[in-house]
Amino acid sequence: MEERGMNARIKALRKVSMETQPHIDLERAKIETEVYKEWEDKVSLPVLRALVLKEYFSKKTLYLGEGELIVGEKGKDPQSSPTFPELTCHTLEDMHIMNDRAVVNYTVTEQDLKDQEEIIIPYWKGKSMRDKLLASMTDEWKECYAAGMFTEFMEQRGPGHTCGGKNVFIKGYADYKIEIQEAIDALDFMNDPEALAKKDELEAMLIDCDAVMILGQRYHDLLKEEAAKCEDPVRKAELEQMAANLEVVPAHKPQTYWQAIQLYWFTHLAVTTELNPWDAFSPGRLDQHLFPYYEKDVEDGILDDERALELLECLWVKFNNQPAPVKVGVTLKESGTYTDFANINTGGIKEDGTNGVNAVSYLILDCMDEMKLVQPNSNVQISKKTPQKFLKRACEISRKGWGQPAFYNTDEIVQELLNAGKTLDDARQGGSSGCVETGSWGNEAYILTGYLNIPKIFQLTMYNGFDNQSGKQLGLKTGDVRDFKSYDELWDAFKKQLHHMVDIKVRGNNVIEKLYANYMPAPCLSIVTNDCIKKGKDYNNGGSRYNTRYIQGVGIGTITDCLSAIKYNVFDNKNFTMEELVKAMDDNFEGHEEIFNMVCNKTPKYGNDDDYADDIMQDVFKLYRDEVTGRPTMSGGQYHVDMLPTTCHIYFGEVIGATANGRLANKPVSEGISPEKFADTNGPTAVIKSCAKMDHCSTGGTLLNQKFTPSAIAGETGLDNLASLIRTYFAMDGHHIQFNVFDKETLLEAQKHPDDYKDLIVRVAGYSDYFRNLDEELQNEIINRTAQSF
Amino acid sequence: MHAITNIQKYSIHDGDGIRTTVFFKGCHLRCQWCHNPETQRFEPELQVDIPKCTGCGRCVKVCPQGAISISAEGKSVTDRDKCIICGKCVNACLGNYRTVVGQEYTVKELVKKCLQDQMFYEESGGGVTLSGGEVMAMDTEYIQALCKALHREGISVTIDTCGQAPYSNYEAIIPYVDTWLYDVKVMDDDLHKKYMGMGNKLILENLVRLAKTGARIYIRIPVVKEVNGNWESMADIIDFLKKNDIRPPQVNLLPYHSTGSHKYGKLGMEYPGQLLTTPTDEEMQDFVRQWNEAGFSNVKIGG
């Protein structure tokens, strides 16, 4: 494996992080079970939850890696994955599967199995949130869920996905305790019917503050001990400094850059250990939060860029040491990765709207470049005010082809947040976390609730509400499409099916939201999220200033092309009849080569800056957006849409038969807002134009993947062009773009399966061409040349 | 109207910034290394990817001229004398191995296409490049109307030309063109005739006249070992430019490549450049030095 890192220390830490196999760690689950056995029904629910964290942090195995400068792991060592039986109580079969599966596997030992069987399962079976949730859903919901009409984020995991605001970097847990105590003292037991519930919640927060400080104290003592034993004077001094850091944080406001990073890390561990909030937790604008400390330390002569970078690289290793908590079943399919989606935003704007790029921003880019880790997921925020130098440095890293950093449009994100009702100040403090989802950091619970399989809803329309994959009538009977006389009739039928399915999804969501509000508070996350203390309310119960829920639409490219194929061929040009098309779909296009060729190659498709198809995309988008947006959540917030898939487009494709656009049965649907795989044939500017026709500002985030060969963006000119593509997309209010740069293996695949790579453009010599259009010999030449250019 | 073979977006090697390059069909020169043989003839043509043809025979059935048959090797064979480029076989071919190259656009349609990427041009300092084939060999009124319309929209226009067209055609569009990419191949008239099919007299005259108007001209030199890939040939070109006081802001030395050769077969043609060779990287570097020493500072290898 490639060694990376700025020095021997980082290389060694990174090596451990990269080479350690993720494994199950039951210590948390066992301690939690003890706490529940002792305290359940004796204390309030929030307090019970807080006691779990306190006990775990008081008893957990501490880890101190060789050469570490930042301390703390969620489990007993790097790549440990604690389990959360209060959310999902894994069966022994689950445990075997997670150990044995070929990808995203976690080692489970014999002892783990024994503990699970003897301690965890007997206590938690039937009591987990997953059990409660599934028991509360209607048969209709269950059938649709099982058939892959939608997914459910809270099925195995807690509501997650938020990002710290600036508080996380300027307040210690002793400071929070004062605030919390003040809130308790101010409770009005004379008039407020919720005063007791608030007191329970606030007391739980106090316990959680202690929990974090206990962990800090234990590490302090360990470091002192290790320092005393250490014979290497350099390391000894480091250990002493680390112990000294812990005399300040996490209890108090950090005094140095180093302490600020350590404080964040403890908060990260606390929030992600308290529950399993999918998408972990994120530090928000890390560069801006760290900059004041950096500046002061540099002035005081106690920090230089080398040390500042080294500490960032240590933090990166810490992120990478935490695999996502184990997923199984559908949840694994929608998010099949070890990545826990902590997402670091760099650049952007400051609270006052001015350019936010600073010296730490560049150090973060260097760190990202040097470390090449998929965790933390790193991105840059680009605003109109972002210096070109910063954008180009980010492009330089991005074109290395491993997908980071992704690029986000700060100015558009501010518009999204304003549109969703935030104040300008709060909007400017927002950004994207998880994949691309927008929120006001430190102020908002913006919960993803699940992916919606839009192409499958359309497929139900094609079969009068019947799902030929599960063999069930999942949709409404909107009529036999073969009798439809016009495109409008088809559109109306789809509209009804969409409405029906979103109703089912939201009804389920509302129940789930209440289940979490009632049974699974997150007092620690509530401490660091604005207004929870003030309101005495939990994050999972509408305590934060803003409460947004998202439904993520998947497959806009696929459904657009399906509608275009029908409008163009059946109604506008009468190339074939609906009956013939449905028959072809039934037969997976076998024996219907003519129709197949027409819908694949002779029909306007989304992604080519062709209004025929792009108008349809806009119609679908608006219909979906308006169907979801503004629906009330149970905590007084509103629903909004996102357009992103994680890995769900593959799962959603698996459960759909052949579609009208020529996508064969069970093949993936389109991802994000990217065009269907074989649809875009006019190059990157056309894709960007098509995608920008969607009104991004009215979403909570969209995702666009753009593919390149290394040679198409080579040299200084290539960098300029890449930067121009990004600036132009963002000028058109695009939300997010990321780049894939093809390697030799992909080109070899493209040679074998040209139809899957119709949109792959390669630089030939003096001109560019589609790879599929080149003869084999030339393809070989380019494959060899591309290999050399790496 | 004129046939256009391709409108290439995100074109990044035919002038500055991100561009859209319009390839017009038709050219009077017949450069042996031409990598766009489909742009040589002025009329639309049928292209058939014979190696990929499965011999299914669907094209045979739909051809109104009876121009297509299936060979003993199981490949379609098209009698190009009988073919009227009606496009019926193109629609019939399930593998899309048959295409008609050359589509006609009105000025209005073409301008609309070119405007699609306006925001990219403006952000990157790019624009539209009219290329070919030989754009200057097209109908002057059409090209003038096109350039004028693009100019009115604020689009920066670049013309990529081999110089083989009446000077009046150039004169007609000078006010609307920002940059000229002007090909110069070889000073020796006989060599020019041998490899380009025509002499270079008009080409060089046009260059001198155009330069005198103060036009911004990038000189582009395809470098082919057998034709001009030597010190003397380069020196001749340099001397010519100096003598005529032509000071291009950029010179591009474009090493010959055979990557267009695969297209000839699709058009029923044979590649005439079999014996041509590419200069080595070292030789290319030597040429750059030669130009630099002669006082031309911005000399690039490649487009």
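Start with Gln79(A). Gln79(A) counts as buried, because 22 C-beta neighbours sit inside 10 Å. The cut-offs are these: buried is 20 or more other C-beta atoms within 10 Å of the residue's own, exposed is 12 or fewer, partly exposed is in between, and C-beta atoms are placed from the backbone. Gln79(A) is in the loop between α3 (45-59) and β2 (80-82) of chain A. Its phi is positive, about 65°, although Gln79(A) is not a glycine.

Two housekeeping sentences. This is a predicted model: local features need pLDDT of at least 70, side-chain atom pairs count only at pLDDT 80 or more, and totals for chains, interfaces and linings use all residues. Residues are numbered from 1 along each chain as its sequence is written, while chains are lettered from A and ligands numbered from 1 in the order in which they are written. As for element names, helices (H or I, at least four residues) and strands (E, at least two) are DSSP runs, numbered from the N terminus.

Next, Asp609(A). Asp609(A) is another residue other than glycine with a positive phi, near 55°. Look for Asp609(A) in the loop between α26 (593-601) and α27 (611-628) of chain A. With 23 C-beta neighbours inside 10 Å, Asp609(A) counts as buried.

Is Ser470(A) buried or partly exposed? Ser470(A) has 15 C-beta neighbours inside 10 Å, so it counts as partly exposed. Its place is the loop between β11 (466-467) and β12 (472-473) of chain A. Leaving out residues up to four places away in sequence, Ser470(A) touches Ala146(A) and Ala147(A). Contact here means C-beta atoms, placed from the backbone, within 7 Å.

Now the cis peptides. One joins Val249(A) and Pro250(A), with omega about 0°. Pro250(A) is in the loop between α11 (233-248) and α12 (257-274) of chain A. In chain B, a cis bond joins Gly132(B) and Gly133(B), and omega is about 15°. Gly133(B) is in the loop between β8 (127-131) and α5 (140-152) of chain B.

On to strands. Six of the six residues of β6(A) are buried, so β6(A) is largely enclosed by the rest of the structure. Both faces are covered: Asn377(A), Asn379(A) and Gln381(A) lie on one side, Ser378(A), Val380(A) and Ile382(A) on the other. β6(A) pairs in the parallel sense with β5 (residues 343-347) of chain A, over five bridges. Pairing requires at least two bridges found by DSSP. Gly347(A) has Gln381(A) as its bridge partner in β6(A).

Which residues of helix α18 (residues 410-419) of chain A are buried? They are Thr410(A), Glu412(A), Ile413(A), Val414(A), Glu416(A) and Leu417(A). After α18(A) comes Gly421(A), with a positive phi near 95°.

There is an open sheet of three strands in chain A, ordered β10-β13-β14, with parallel pairing. β10 (444-453) and β14 (638-642) are at the edges, each with a single partner strand, so one side of each has no neighbour in the sheet. Five bridges join β13 (residues 546-554) of chain A to β14(A). One of the partners is Asp642(A) in β14(A), bridged to Gln552(A).

A helix pair next. α16 (residues 359-371) and α17 (residues 388-398) of chain A pack at about 5°, axes 10 Å apart. Axes are lines fitted to C-alpha atoms, for helices over the stretch in contact, and angles run from 0 to 180 degrees between N-to-C directions. α16(A) and α17(A) are therefore roughly parallel; that label is for angles under 35 degrees, with over 145 roughly antiparallel, 65 to 115 roughly perpendicular and the rest oblique.

Last, the chains together. In the interface, 20 residues of chain B are in contact with 24 residues of chain A. α4(B) gives the most to chain B's side, with four residues.

Methods: Contact = placed C-beta atoms within 7 Å.
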